[in-house]
Every structure is written in C-alpha cells, then in structure tokens.
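Take a look at the whole chain before turning to single residues. The text below goes from the overall layout to the details.

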Amino acid sequence: MAKISVFGIGYVGVVSAACLAKDGHEVIAVDLDPHKVEVLNAGRSPIVENGLDELIREGVESGRLRATTSAAEAIANTEASFVCVGTPSDADGSVGLKYVTSVCENIGAAIAQKGGFHSVIMRSTIVPGTMERVCIPTLMAASGMKAGRDFGVGYFPEFLRESTAIEDYYDPGLIVFGALDDHTRDLLSELNRHLPCEMHMVDLSTAEMVKYTSNSWRAVKITFANEIGNIAKANGLDGQLVMRMLCSDTKVAMSPAFLRPGFAFGGSCLPKDVRALTCVAADSDVPSPLLSAVLEANAGQISRAEEMVRKSGASKIGFVGVSFKSGTDDLRESPLADLAARLIRSGQEVRIYDPFVSTAFSNDPEAAGRGNDVVPDLGARMLPEIRELIADSEIVVVGNAYEEAMPALIEAIGHRPMIDLTRVEAQARSNGSYQGICW
Ligand SMILES: NC(=O)c1ccc[n+]([C@@H]2O[C@H](COP(=O)([O-])OP(=O)(O)OC[C@H]3O[C@@H](n4cnc5c(N)ncnc54)[C@H](O)[C@@H]3O)[C@@H](O)[C@H]2O)c1
C-alpha cells in the first residue's frame, strides 16, 4: 500500500483522498484552508457529494486519512503527492495557474527538505504544455533538483463528475496518464490496477490535451442537442424524441468513425443538409450558431490543406483521391476536388490517382466525373498507377485511403514530399517533408 498526500481538499482532491484511503492507502490531505482541514480531521466532508461523508468518516476512523495545512509535513510522510488545486479562468479566459504555481513552489521546497525520492502527480486541469513550461520548471527551481531523476513527475487528469464522483472513481470511463520517470509510471499503474478500465500511458502534454478534449466534447454535444431541440420545438417537434432516435443509431450517428481528425467533410449529403437545416432554423427565427460554425470550420479545413500545399512551393502536385471519399466515384461537393481546383486555378499542375473515378472513366467516359463541376479536364488528369503518380509529382496530397496504394505511399514517406489528409500509416507524424494535417 502507498503513502499519498493530496494537495487541495476541493471537489476533486477530497474524493481522491477518501477513495485512496478506502483502497487501503495512507493518505494525508493538504489544504491552505484551515477550516477544511479541521472538518476533514473531524471525520466530516467539506463538500456535499453522494457517499462521501461515510468514506471520510471510515478513513479518518481507520487512521488512514488525515489532513494538515503543512506541505512539508505531508511530503515528509508520503512517497507521492496528487495535486488537485483549482485552475479557474484568468480574466482573458486562459487557464489560471496561480494556485498551480504556488503549490509547485510549496512542494518543491518540501521535497528539497525531504531528501528522499518523491513523485509529484498533477491532477488539476491544465492546458497542454503546462507541465513542461510551468510545473516542472517551478518544481525544479524550488527544489534545486532535477525532474525525472531526483524527483518523479506525472500528469493524471481527473474525469470524475460531481454528484457521481465516487461511482466514477471506482468505474471510470477513461484512465490516462503520463510520467517523466518509470517510478511514477509504475506507481500510477499500481494505484489504478484494480479499476475496471484500460490504462492509457501517454506523454504529459497528450494527457493534458485529452482532458480538454473530453470536456470540450461534452460541451459541444450538449450545445448541439440544445440547438437541435430549439429548432425542433420551433417546428412543433419534440427535440428530446429526435435526439433519442439519433442516439439509438450506434452504427452511423454515434460511430467513432466520424471522430477521427483529418480532412473536411463533403459529398452529396452533409454540406447540403447542414445548409438546409440552418435555413430551417433561420426561417423559424431560431439561432443556430453551432451549425453555422460547422460549415465555416469545414471550409477552413480545406483552406488549411491548401495553405499546406502552397507553403511547400511545389508546382507538380499528385492527388491520391478526388471523390469525396474512397469507395465511390461521386464528386459532388468533394473537398478534394475543391482543393485540386483551387491549385489548378493558380497555375499548379495537378495529376490524380483515384481508382473509382478512373473506373468510371473506363466504364462510361460520357457519364464519368459525376458531380464534378470544379476540376477542369478531369479525365486527362487521371493516372492509373500510384507509383507513376508518386514518381511524377513534386508533392503528393493523400486525400483518400485506397488499400492497394498504401504500400507505395508508406514507402514514399521521407522520400517524396507528402501532405497527408487521411494518415497512410498510424504511427506517421509530421516530420520534415511528411506533413499530416492533424498529427
Ligand atoms: N470539480 C470537478 O468536477 C472536476 C473534475 C475534474 C477535474 N477538475 C479539475 O480539478 C482541479 C480542482 O478542481 P476542484 O473543483 O476540486 O477545485 P476546488 O476549488 O474545489 O478545490 C481546490 C482546493 O485547493 C486548495 N488549494 C489551493 N492552493 C493550495 C495550496 N498551495 N496547497 C494546498 N491546497 C491548496 C484550495 O484551498 C481548495 O480547497 C481543477 O483544475 C479542475 O478543473 C474538476
């Protein structure tokens, strides 16, 4: 069993402290607020949360849970600290780090006095890069010690929801953490081993980003449901019934397939139908800022890809895919066709490998290029061989993933400049002449 100090007896810290004590660990909770310390030491919860009073009473009675205002005492008597101080917004909306900075100063000074190895594990919600740019330098300056060598560092975001916090602790939806050193990584693995959830070990900044992604995603979902509900009501419909139907479709509507960062959406349905629904909203005098922003953001993703190609300075460009997705020759509102057309208009030479559009041209040249009203001379631009396209281009833009083209494209990474809008290889990351749009 471990000895853990928990800094910050707020909504997060007190639940962590009580649950760690219930799991059998020895826990010292630390807060600047003497009242919270007093309340906890009296076996009571400083916040209202289902089941927490009982856990705290049991923890304090068992001797495994106590509280103090002294950082030095807590650090001296534990092997690791969870840091759960608040990160309220600064006036400009950015993350407020005053409590994080000052707790890192307190902890840094205390680990310098302690002498032995101590792991500092941040649990507060902090924007990507904060561990590297703020927490670690502050801890090192205050301790005079080297992070990852003389003391351990981890980032372990908390996902609990107030009101079901204890239930969430024992049955979490996600466990993700990063650590600078093996000792801290092993400790976090050990502390979470009994929980019924896969553990994801990533780097510190990825763990920080996952927390913001999770909260933003929830916020977007709520706002989307509300916007749909408002439009539904204005048209005499039950918004909750509509959303229940949507959520019952786990195959398409709720599929993770549409949560994979990459290129813009297009095709014959999504753009026209989002446009039409924003018109329904406008006709009903219902604001639909989220749906309008969707169209704007989608157009922005095409411009982002265009900028990446322009920045490369290449004038002979090979497109892998021109239809709106692989598996079809449909070019209606294809963002790849739009991108190709923009480059052609500004004088770039564009060649295209797209087995489905090529098949359409060989089957029925009259009908081929269905829905294309933007790319001039489409038939003449088609190349049937991926290797020929790669060899003939100064840069390759991979828009659609075609299984048979993958080996040649993967081989070309690092040899032929490439802008990847779909990700030809799961591990590929932007590096030199290979640039992924979102990775
Ligand atoms: N509340 C939630 O549901 C929730 C869920 C997940 C993550 N988070 C994140 O967890 C963090 C903590 O949130 P919270 O709601 O528990 O905050 P909170 O404001 O309720 O608690 C923070 C506590 O930290 C104490 N504190 C501040 N500086 C200190 C120091 N130097 N030493 C010791 N204690 C100190 C404060 O006195 C306070 O009691 C935030 O970053 C928040 O975004 C919150």
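**Layout of the chain**

An automatic or database assignment divides the protein chain into domain 1 (3–204), domain 2 (214–296) and domain 3 (304–436). The model is predicted. Between the centres of domain 1 and domain 3, taken over C-alpha atoms, lie 49 Å. The C-alpha trace of the protein chain spans about 85 × 60 × 40 Å along its principal axes.

The protein chain holds 17 helices and 13 strands. It has 439 residues, and 37% of them count as buried.

**Two cores**

Start with the largest nonpolar core. It has 63 residues. Val6, Ala17, Ala18, Val27, Ala29, Val83 and Ile107 touch the most other members. Helix α1 gives this core its largest share, eight residues. Ala17 shows how the packing works in detail. Leaving out residues up to four places away in sequence, Ala17 touches Val6, Val27, Ala29 and Leu65.

**Around the ligand**

Now turn to the ligand. There are 25 residues around it, and Gly8, Gly10, Gly86, Ser124 and Thr125 come nearest. By type, the shell divides into eleven nonpolar, nine polar and five charged residues. Helices α1 (11–22) and α5 (98–114) each supply at least two residues of the shell. The largest share, four residues, comes from α5.

**Helix α9**

Next, follow α9 (residues 204–234). This helix has 31 residues. From first C-alpha to last it reaches 46 Å, close to the 45 Å expected at 1.5 Å a residue. Its buried residues are Leu204, Ala207, Glu208, Val210, Lys211, Glu227, Ile228 and Ile231. What covers them? The cover includes α6 (130–143), β6, β7 (175–179), α10 (239–247), α11 (270–283) and α12 (289–312). Just after α9, Gly236 takes a positive phi of about 75°.

Gly236 is a glycine. Two other residues call for a closer look. Most residues other than glycine have a negative phi. Ser163 is not a glycine, yet its phi is positive, about 90°. Ser163 sits in the loop between β6 (152–155) and α7 (165–170). Is Ser163 buried or exposed? Ser163 counts as exposed because it has 11 C-beta neighbours inside 10 Å, and the cut-off for exposed is 12 or fewer.

Arg423 also has a positive phi, near 85°, and is a residue other than glycine. Its place is the loop between β12 (418–420) and β13 (434–436). Arg423 has 18 other C-beta atoms within 10 Å, so it is partly exposed.

One more loop residue deserves a stop. Asp90 is found between β4 (80–83) and α5. Asp90 counts as exposed because it has 11 C-beta neighbours inside 10 Å. Asp90 and Val294 are 204 residues apart along the chain, and 28 Å separate their C-alpha atoms.

Conventions
Residues are numbered from 1 along each chain as its sequence is written. This is a predicted model: local features need pLDDT of at least 70, side-chain atom pairs count only at pLDDT 80 or more; totals for chains, interfaces and linings use all residues. A residue is buried if 20 or more other C-beta atoms lie within 10 Å of its own, exposed if 12 or fewer, and partly exposed in between; C-beta atoms are placed from the backbone. The expected span of a helix is 1.5 Å times one less than its number of residues. Two residues are in contact if their C-beta atoms, placed from the backbone, lie within 7 Å. A residue is near a molecule or strand if its C-beta atom, placed from the backbone, lies within 6 Å of it. Ala, Val, Leu, Ile, Met, Phe, Trp, Tyr, Cys and Pro count as nonpolar, Asp, Glu, Lys and Arg as charged, and the others, Gly among them, as polar. A nonpolar core is a set of buried Ala, Val, Leu, Ile, Met, Phe, Trp, Tyr and Cys residues joined through C-beta atoms within 7 Å.
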